[in-house]
Each structure stands twice: as structure tokens, then as C-alpha cells.
Amino acid sequence: MLDFLSSKTPKILIIGDLMIDNYIYCDCNRASPEAPVLVMNSKKQEQRLGGAANVYANLKALGANVSALSVVGDDENGKFLKKELNGKILLEKGRISSLKTRILSQAQQILRLDNETVKDTKLENELLDEFYNLVKDSEAIILSDYGKGVLTDKVCKNVIKKANELKIPVLVDPKGKDYSKYKGASLLTPNKKEALEALKFSDLNGENLEKALIKLKKDFSLKYSMITLSEDGIAFLDDKVHIIPTKAREVFDVTGAGDSVISILAFCMALNLPMIKACELANKAAAVVVSKLGSATVSFEEIRKFERANFEDKIKNKEELASILKNRKNIVFTNGCFDILHFGHIQYLEKARTLGDLLVVGLNSDKSVKKLKGDKRPINSQFHRACLLASLYFVDFVVIFDEDTPYELIKALKPDILVKGADYTGKEVVGSDLVKKVELIKFEDGFSTTSLINKIINNDKNS
């Protein structure tokens with residue numbers, strides 16, 4: 001999927017509050033003799049694109065053809081933003097462009113100083129005129145709202161109305177407690193705190209999460225309903241609730257993670273990719289970004305490296321996995337030897353993953369395979385087989401078991417859906433009494449491990 005995406009250049013329009021993130025890196029070795037404050041010795045200063053401009057930078061890093069539309073101040077910072085970004089950046093007299101200055105010492109943020117104008121722009125009509133010219137060439141639109149006054153009620157409503165007429169998806173990173181101006185967008189990406197405030201829920205635990213997603217979708221006429229759940233991943237609603245678990249290995253700085261998420265989602269939606277795949281990719285992008293300091297971007301190559309480094313973390317023992325899955329829903333389970341991974345396996349597993357939110361593969365251990373297949377099997381060790389399965393993006397977890405059947409493993413993991421091959425039609429499926437549903441998937445014709453082994457042996461004899 002990543003190779004497919006990185007070869008595409010969707011046209012995406014970003015509208016919102018542009019900012020400059022200014023970082024001053026300091027040493028701090030003493031307190032001031034004049035007052036109970038720290039004395040900071042400035043070592044380095046760095047400017048990065050922030051706010052909606054960071055979304056722009058993320059889209060550029062992904063390879064999108066991106067244009068920005070915004071209003072900034074008629075000042076040096078505004079002129080800097082106008083120079084750095086392609087698109088239409090309007091300069092408003094009397095407005096102060098947003099500058100966020102962060103003082104850091106040893107990678108810890110000590111203080112932030114904001115200098116900006118926070119009020120509705122006077123250039124609404126000019127902004128919309130530019131939008132009507134730019135929208136014709138767009139395949140997705142992002143409204144990145146930081147509450148600074150570019151995305152007024154009038155601007156949001158007119159942008160969404162026109163985009164809907166042209167069947168262009170609109171994604172919104174919302175701000176404030178009233179989401180009415182975003183009504184009719186394709187999706188919003190509030191975080192937990194923002195969703196609680198906007199929907200007036202006390203928490204998002206258990207059934208409340210589903211109720212919140214349904215209310216969000218219904219109240220604001222969305223195509224998809226989504227809430228980002230921080231360390232718990234992303235929850236979204238289409239015909240049912242999906243929870244895509246987080247992929248982060250180490251959290252260093254969460255600044256800009258939401259910008260990376262909405263950038264990936266817009267990229268995928270512009271290409272009409274399934275939302276579940278878009279969310280999985282967005283989680284990986286966020287995992288890369290939170291391991292960086294400050295406002296940052298992510299590329300497909302970085303996501304590839306993350307996937308390669310991360311796949312062994314998918315291999316768990318029964319006890320570890322039972323703990324991880326305790327509060328998860330829509331878990332899909334299948335099992336097998338997967339001795340020589342082939343195209344038939346890949347098609348089968350990818351189809352299995354589409355049936356729920358998580359795919360767990362139970363893998364017969366070497367001992368178990370020998371008992372089932374004979375002393376000459378397996379060809380590949382359980383560790384190598386587990387690593388191959390874990391390297392597939394649609395496999396979430398791999399767990400090795402010793403028993404002849406996975407009954408005790410299914411009992412411990414409590415999956416919702418049990419998947420087997422269509423050759424089990426009319427037969428009893430082990431563990432079917434422990435799950436809500438059993439699904440049978442047809443294998444691709446002409447693929448089996450035994451036939452591959454026989455083919456290799458025959459070719460060797462004839463060589």
C-alpha cells in the first residue's frame with residue numbers, strides 16, 4: 001500500500017490559520033540572583049511552519065500537490081509565510097501573524113510566548129473568491145482551525161457547500177465547543193478532550209464512545225465520525241464502530257501529531273482508499289511524529305522504516321496478548337501453520353482483517369506442526385514464520401501456541417470473530433462455541449504449502 005501511495009500526487013487544498021513555530025534552545029545552569037527565576041543562555045534558534053502551515057508541510061513531505069489559502073498579517077512574519085507556501089496568502093493590514101516562541105532547555109519546554117491577532121478576518125469575501133478559483137483543481141480540502149479567525153462561520157459554510165456540490169471531501173481539524181459551522185463536512189478529527197466539550201459527554205468509556213460517535217455524525221451530517229483517542233488510537237464510525245489501536249513506541253513530543261493524522265487521512269481520501277486503511281496509516285504517521293521534537297513532518301519512507309522496526313513488537317505470548325486485547329472490540333482471530341507464506345495466505349489474511357478492527361493470527365509452534373504434518377515439517381522455524389506474518393501491515397498480532405488446536409488460546413483471547421478457510425464448510429470449527437461469529441473465506445485456487453514443497457522437490461529432481 002505504501003508503494004502505491006508514495007507514487008501518487010493528489011491535489012489537496014489546505015485552508016486555515018498559518019503560524020510560525022519559533023524554537024530557542026538554551027542552556028540553563030543557574031538561578032538569577034535578581035529574582036527566583038532561571039537564567040537561560042541562548043544557543044540556537046530555529047523557525048518551523050506551524051498550525052495549518054504544518055499540515056501543508058506534512059502534505060508536501062508525503063508528496064502531495066498542495067496549495068494553501070489563508071489570511072496573515074501584513075508584517076515580516078506574514079511575508080515569510082507568503083514566501084514559503086504555494087497558494088494564495090492574503091495580507092491583512094493591522095493583523096499580527098501568529099508567532100509561537102518556545103524556550104527549551106535539554107529538550108524540555110520551559111516557556112511559550114505567543115504574539116498574534118485572534119479575531120475574525122476582515123477579508124472573508126476575498127478569501128472565498130480565491131477559494132472558488134482554487135477548488136476546481138482540488139481532490140481533497142482540509143480546514144485546519146486553530147481559532148485565530150481565518151475559518152469564520154461564513155468561510156466554513158461556503159467552503160463545505162461548494163465542496164459538496166463538486167463531491168470533494170472536506171476534512172476538518174475543529175476548534176471550540178460549537179461545531180455547527182462544520183456541518184456537512186466529510187469528517188472532523190476532534191481529540192478526546194475536544195469531543196467531550198463539543199458533545200457535552202462526561203466520558204468516552206464503554207458505550208459512551210459509540211454514542212458520542214453516532215451523535216457527532218448525526219448532529220453535524222458527517223460522512224464519517226471520528227475521535228482521536230491519544231494513546232488508545234483512533235475511533236471512527238461508518239456502518240459500525242472501529243477502533244484502530246495506537247502504534248507509538250516512544251512518545252517524545254505530541255506537538256503536531258494531529259496535523260500528521262489529518263494530512264494522511266486527506267491524502268488517502270483524495271485517492272478513495274478505504275477509511276480503515278487510512279486510519280491505520282495515520283496511526284503509524286502519528287507514531288513517527290511523536291518521537292520527534294516540536295512541529296514535525298512525516299514521509300512515507302519514515303513510515304516504512306517504522307513498520308520494519310516495529311513488526312517484532314507484534315509477536316506476543318498468550319498472557320501479554322490477553323492483557324492487550326482486554327478492552328478491545330471487533331477482534332478477528334485465525335490460525336494455521338503458515339510454513340511457507342504464499343499469495344493464497346496473503347489474500348486470505350487481508351480478507352480476514354476487513355471483518356473487524358484487529359487481526360490476531362494464532363501460529364502453530366514447531367512442536368505442534370511436527371505433530372500435525374510429520375517430522376519433515378516445518379520448513380521454517382516458528383520465529384521466522386512469526387516474523388513474516390508480523391511484517392504484513394494487515395496482521396496486528398501473532399501468537400504462537402503448542403497445542404494441536406487453538407481452543408485454549410481462543411478461550412484466553414476472547415476474539416469476536418473466528419475465521420477459517422471455506423474448506424471447513426459443513427465441518428465443526430474449533431472454538432466456534434467461544435465467539436460471536438464464524439466466517440469462512442475461500443482460499444485462492446492453486447496455492448498451498450504442500451504443493452509448493454512438492455514443486456520444489458520435483459524441480460530439484462529434474463535439474
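Author: Let us begin with helix 14 (residues 382-390), whose buried residues are R385, A386, C387, L389 and A390; buried means under 20% relative accessible area, whereas exposed means over 50% and partly exposed lies in between, with a 1.4 Å probe and protein chains only. Helices (H or I, at least four residues) and strands (E, at least two) are DSSP runs numbered from the N terminus. This is a predicted model, in which local features need pLDDT of at least 70 and side-chain atom pairs count only at pLDDT 80 or more, while totals for chains, interfaces and linings use all residues. Residues are numbered from 1 along each chain as its sequence is written, and side-chain values use heavy atoms, with hydrogens and water left out.

The buried residues of helix 14 pack against strand 14 (315-316), helix 12 (343-353), strand 16 (358-364), helix 13 (366-373) and strand 17 (397-401), where contact means heavy atoms within 4.5 Å.

Around this part, the protein chain has 16 helices and 19 strands, and its C-alpha trace spans about 80 × 60 × 55 Å along the principal axes. Of the 463 residues in the protein chain, buried ones make up 50%, and among contacts between residues at least 6 apart in sequence, 66% join residues at least 24 apart.

The largest nonpolar core has 57 residues, and I264, L265, M275 and F300 touch the most other members; such a core is a set of buried Ala, Val, Leu, Ile, Met, Phe, Trp, Tyr and Cys residues joined through side-chain atoms within 4.5 Å. Helix 9 (residues 275-289) gives the most to this core, with 11 residues. Not counting residues up to four places away in sequence, F300 touches L2, L5, S6, L62, I264, F267 and L281. Another core, of 43 residues, lies apart from the largest one, and L69, V159, I160 and A235 are among its members.

Finally, S70 has its place in strand 4 (residues 65-73), and S70 is buried because its relative accessible area is 0%. The side chain of S70 reaches the backbone oxygen of G16 at 2.6 Å. Leaving aside neighbours within four places in sequence, S70 is in contact with G16, D17, L18, K88, I89, L90, L127 and V150.

Technical notes
A polar contact is a pair of N or O atoms within 3.5 Å; within protein, one must be able to donate a hydrogen and the other to accept it, and residues adjacent in sequence count only if both atoms are side-chain atoms.
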